[in-house]
Amino acid sequence: MAVLKGKHIIVAVSGGIAAYKAIEVVSRLRKAGAEVKVIMTQNATRIASPLTFGEISGYPVAVSMWDEIHNWDVEHIALATWADAYIVVPATANVIGKIANGIADDMLTTTIMATEGKKLICPAMNSAMYKNPITQRNLAYLEELGYAIMEPAVGQLACHTEGIGRLPEPEDIVNWLELELYETIDPTRLANKTILVTAGGTQEAIDPVRYIGNRSSGKMGYAIAEQAAMYGAKTILVSAPTSLEVPRNVTYIPVDSAMSMKEVVDEQYPQVDAVIMAAAVADFRVAQVEEHKIKKKETMTLKLVKNPDILAGLGATKKHQVLVGFAAETKNLLEYGFGKVKKKQLDMLVANDVSQSNAGFNVDTNEGYFLYPNGNTKRIPNMTKRELARLIIEEVGNLLEKR
């Protein structure tokens, strides 16, 4: 299921100061199940050691065109043929210019020219160099040719200035590569469907500056919305406050409290084909929200009243829609989960034990079960939330096809 598992990835390291970050990129790719071989320019070896890359990748590092030939293969051709993807990280202005202009004078530029797999570029350089019209022209041209270009980050640069040109973090690079390598997604499968996804943890106001909340980061819901859009669905993301970036091609509707989320979801419900309630909706809200900030005192008592169950309300009025809920439990996962499937008239429930350190709130992985109204279960092993989101969308597609 993992997109990177078994993939042959070349990580090409050019002589930018951020070359050391490529070590973690290689490590993360290996942990994701990819086979990784590293190519370095001579200048890159002055910043990071080929020995380190070799130990982490498990393969000798290619640097010179004149290194010993293994098994009588012409090495740059053998590497190019082997690669499913070729990512340059970091990519300096120099190496970008050479690739864009067909200059093949070292192992990196020669091999990428011979590679037929996916080619990806991660620029990293001084802001002025990145903004230079020549660099921008070269990047635009490579994009026209089918190269994937990752936008550099903004931040502190090696030249002690702030600006664009910083190499993104290794985790972000690997996530981006994973998205670029999706091969089995049919971008038209859900083209005629509308999917509404809720995400984040609702905030129930106490006064103008305080609220009752929960530990939800919103990562699961945002990953689901991202995948739904990639499958071609018209995707509506109804989100409580998070720090996450809204996925591409998604209609974003911000809310804060359970009541505001219910209002939006109920309004959208008649015209959607599926609802995936990944939000952590507060069970209670404050009965009386103070108009002004409450002053500090020794004790304070809050009266809480029950919030409406948004998903149960949808189940009670369901017509053609597919309904998917989430259950975050710390014990009796299956018992409580099947109870929710029946009570809320769900087509599927994603049940996970949030007491586990590698599942649930504020982590990048999840695991658990898909539960169905006929009593069937499907065990979901630990995987990234993006991978789980893809499984959920595939299953929603299956359920829609049975309608």
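## Two domains in one chain

Let's start with the overall layout: the chain splits into domain 1 (8-181) and domain 2 (194-288 + 301-402), with bounds that come from an automatic or database domain assignment. This is a predicted model, in which local features need pLDDT of at least 70 and side-chain atom pairs count only at pLDDT 80 or more, while totals for chains, interfaces and linings use all residues. Residues are numbered from 1 along each chain as its sequence is written, and side-chain values use heavy atoms, with hydrogens and water left out.

The C-alpha centres of domain 1 and domain 2 are 38 Å apart. Their contact (heavy atoms within 4.5 Å) takes 4 residues from domain 1 and 7 residues from domain 2.

## The chain as a whole

Along its principal axes, the C-alpha trace spans about 75 × 55 × 35 Å. The secondary structure comes to 13 helices and 19 strands; helices (H or I, at least four residues) and strands (E, at least two) are DSSP runs, numbered from the N terminus.

Of the 403 residues, 50% count as buried. Buried means under 20% relative accessible area, exposed means over 50%, and partly exposed lies in between (1.4 Å probe, protein chains only). Among contacts with a separation of 6 or more, 67% join residues 24 or more positions apart.

## The largest pocket

Where does the largest pocket lie? Domain 1 and domain 2 both give residues to its lining, so the pocket lies between them. Its volume is about 1700 Å³. A pocket here is an open set of points on a 1 Å grid over the protein atoms alone, where a 1.4 Å probe fits, with protein on both sides within 12 Å along at least five of seven lines; lining residues have an atom within 4 Å of a point. Grid points are joined across faces, edges and corners, and a volume is the space filled by probe spheres set on the points.

The lining of the largest pocket has 40 residues, and Asn175, Trp176, Leu179, Glu226 and Arg386 lie nearest the centre. Helices H1 (21-31), H8 (170-180), H9 (219-230) and H13 (385-401) each supply at least two lining residues, and H8 gives the largest share, with 8 residues. By class, this lining has 20 nonpolar, 4 polar and 16 charged residues. For these classes, Ala, Val, Leu, Ile, Met, Phe, Trp, Tyr, Cys and Pro count as nonpolar, Asp, Glu, Lys and Arg as charged, and the others, Gly among them, as polar.

## The second largest pocket

The second largest pocket has a volume of about 1000 Å³. It is lined by 39 residues, with Ala279, Ala280, Val281, Asp283 and Phe326 nearest its centre.

Helix H9 contributes at least two residues to this lining, as do strand E15 (304-306), helix H11 (310-316), strand E16 (322-329) and helix H12 (333-343). E16 provides the largest share, 5 residues. Sorted by class, the lining has 18 nonpolar, 12 polar and 9 charged residues.

## Nonpolar cores

A nonpolar core is a set of buried Ala, Val, Leu, Ile, Met, Phe, Trp, Tyr and Cys residues joined through side-chain atoms within 4.5 Å. The largest one has 36 residues, of which Ile195, Ile224, Ile276, Phe370 and Ile392 touch the most other members. H13 gives the most, with 8 residues. A second, separate core of 34 residues includes Leu4, Ile9, Val26 and Val36.

Not counting residues up to four places away in sequence, Ile224 touches Val197, Ile276, Ala278, Phe326, Ala389, Ile392 and Ile393. Leu391 sits in helix H13 and is buried, with a relative accessible area of 19%. Its C-alpha atom is 10.0 Å from that of Phe370, 21 residues away along the chain.

## Around Tyr147 and Ile149

Tyr147 is in the loop between helix H7 (133-144) and strand E5 (148-149). At 11% relative accessibility, Tyr147 counts as buried. Leaving out residues up to four places away in sequence, Tyr147 touches Ile99, Ile112, Lys119, Ile121 and Leu142. Tyr147 and Lys119 are 28 residues apart in sequence and 5.2 Å apart in space, C-alpha to C-alpha.

Ile149 belongs to strand E5. Beyond its neighbours within four places in sequence, Ile149 is in contact with Ile121, Pro123, Leu139, Leu142, Glu143 and Trp176.
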